Amino acid sequence: MTNKPSLLSQQTLILSFIFTTGLYILLATYVNYQDNIVWNNTLQQYIQNYNTNALTPLLATITWIGDKRVLFVLLAVVFLWLIYLRHWRTAILWLSNGFICSALIAISKITINITRPEFLIEPSTLGAFPSGHTALSIAVYGFLAFLIAQKLKPPQRYIIYIGFALLISLIIASRLLLHMHWLTDILGGSALGLATLLLSLFLYQRHSQ
């Protein structure tokens with residue numbers, strides 16, 4: 001039996017999608033025309049004042065969890081599992097969610113070539129904006145949390161959402177503490193990841209079985 005989502009839920013999702021998309025465009029436009037953003041430098045200087053070398057191995061492990069190679073493996077495994085369960089629409093939407101987000105990250109990094117922080121511990125030739133780890137983690141882990149939570153009762157759902165939110169937050173924090181990104185990169189990645197996730201949730205609920 002098909003459970004149709006409420007009109008309010010659909011409206012909330014699409015309005016949130018429009019808002020986050022608009023926010024991402026504004027951030028992308030802002031950083032593209034600003035050579036030196038004061039609050040980016042201020043935060044990086046503040047982090048630099050604290051010696052986080054002892055935490056580097058832990059931070060590297062956390063940031064690895066948000067690496068696109070790890071997430072692509074996760075995408076493939078869950079996709080095959082959904083195909084095995086014959087959830088065709090969900091499988092296609094799950095895969096599209098990850099690859100569309102990844103494609104938008106790549107396009108943005110090419111068109112908005114922002115230099116990474118000068119304190120960068122691990123050199124990278126890729127542009128800084130937006131944070132790919134942030135965007136892809138929100139899109140993929142966020143959608144995975146949603147799919148898992150659908151099979152649980154409300155109290156257990158909150159545990160899943162909080163657990164995945166904590167994981168995503170740690171990944172985001174690791175990117176800043178490892179000097180891999182500016183704050184604007186994190187904000188841009190968050191907006192892009194949320195926009196992709198919200199659109200996927202909107203489409204999922206629209207065709208939920």
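**Exercise 1. Decide whether R69 is buried or exposed, then find its charged partner.**

Solution. Start with the cut-off: a residue counts as exposed when its relative accessible area is over 50%. R69 has 60%, so R69 is exposed. Keep in mind that this is a predicted model. Next, look for a partner. Side chains of opposite charge can pair when their charged atoms come close. Here the side chain of R69 meets that of D67 in a salt bridge, 2.8 Å from N to O. Now check D67 against the other cut-off, under 20% for buried. With 13%, D67 is buried. Finally, the salt-bridge count comes to 1.

**Exercise 2. Work out whether the span of helix α6 agrees with its number of residues, and how enclosed the helix is.**

Solution. Helix α6 runs over residues 132-149, which is 18 residues. At 1.5 Å a residue, α6 should span 26 Å, and its end C-alpha atoms are 25 Å apart, so the two agree.

**Exercise 3. Find which residues touch the most other members of the largest nonpolar core, and which element gives the most to it.**

Solution. The largest nonpolar core has 47 residues, and W94, I114, F129 and F143 touch the most other members. The elements that give two or more residues to this core are α1 (7-32), α4 (68-84), α5 (88-111), α6, α7 and α8. Of these, α6 gives the most, with 11 residues. Now zoom in on W94. Leaving aside neighbours within four places in sequence, W94 is in contact with L74, L75, V78, F79, L82, V140, F143, L144 and L147. One more stop is F129: a cis peptide bond joins F129 to P130, with omega about -10 degrees. P130 itself is in the loop between α5 and α6.

**Exercise 4. Follow helix α7 from its span to its buried residues and on to the residue that comes after the helix.**

Solution. Helix α7 (residues 154-177) has 24 residues and reaches 34 Å from first C-alpha to last, close to the 34 Å expected. Its buried residues include I160, F164, I168 and I171. The buried residues of α7 pack against α2, α3 (56-65), α6 and α8 (183-206). After the helix comes H179, with a positive phi near 60 degrees. H179 lies in the loop between α7 and α8, and at 4% relative accessibility it is buried.

**Exercise 5. Say where R86 is found and what its phi is.**

Solution. R86 is in the loop between α4 and α5. Its phi is positive, about 65 degrees, although R86 is not a glycine. At 61% relative accessibility, R86 counts as exposed.

**Exercise 6. Name the residues that form a nonpolar patch on the surface.**

Solution. The patch is made of Y30, V38, W39 and L187, which together have about 360 Å² of accessible area. Pick out W39: it sits in helix α2 (residues 38-48). At 36% relative accessibility, W39 counts as partly exposed.

Conventions
Residues numbered from 1 in each chain as written. Predicted model: local features only at pLDDT ≥ 70, side-chain atom pairs only at ≥ 80, totals over all residues. Heavy atoms only, no water. Patch = residues over 30% accessible without salt bridge, like charges linked within 9 Å, V, L, I, M, F, W, Y side chains within 5 Å. Areas by Shrake-Rupley, 256 points an atom, 1.4 Å probe, with all protein chains shown as cover. Salt bridge = Lys/Arg side-chain N within 4 Å of Asp/Glu carboxyl O. Helix = DSSP H or I, 4+ residues; strand = E, 2+ residues; numbered from the N terminus. Buried < 20%, exposed > 50% of the residue type's maximum accessible area, 1.4 Å probe, protein only. Expected span 1.5 Å × (residues − 1). Contact = heavy atoms within 4.5 Å. Core = buried A, V, L, I, M, F, W, Y, C linked by side-chain atoms within 4.5 Å.
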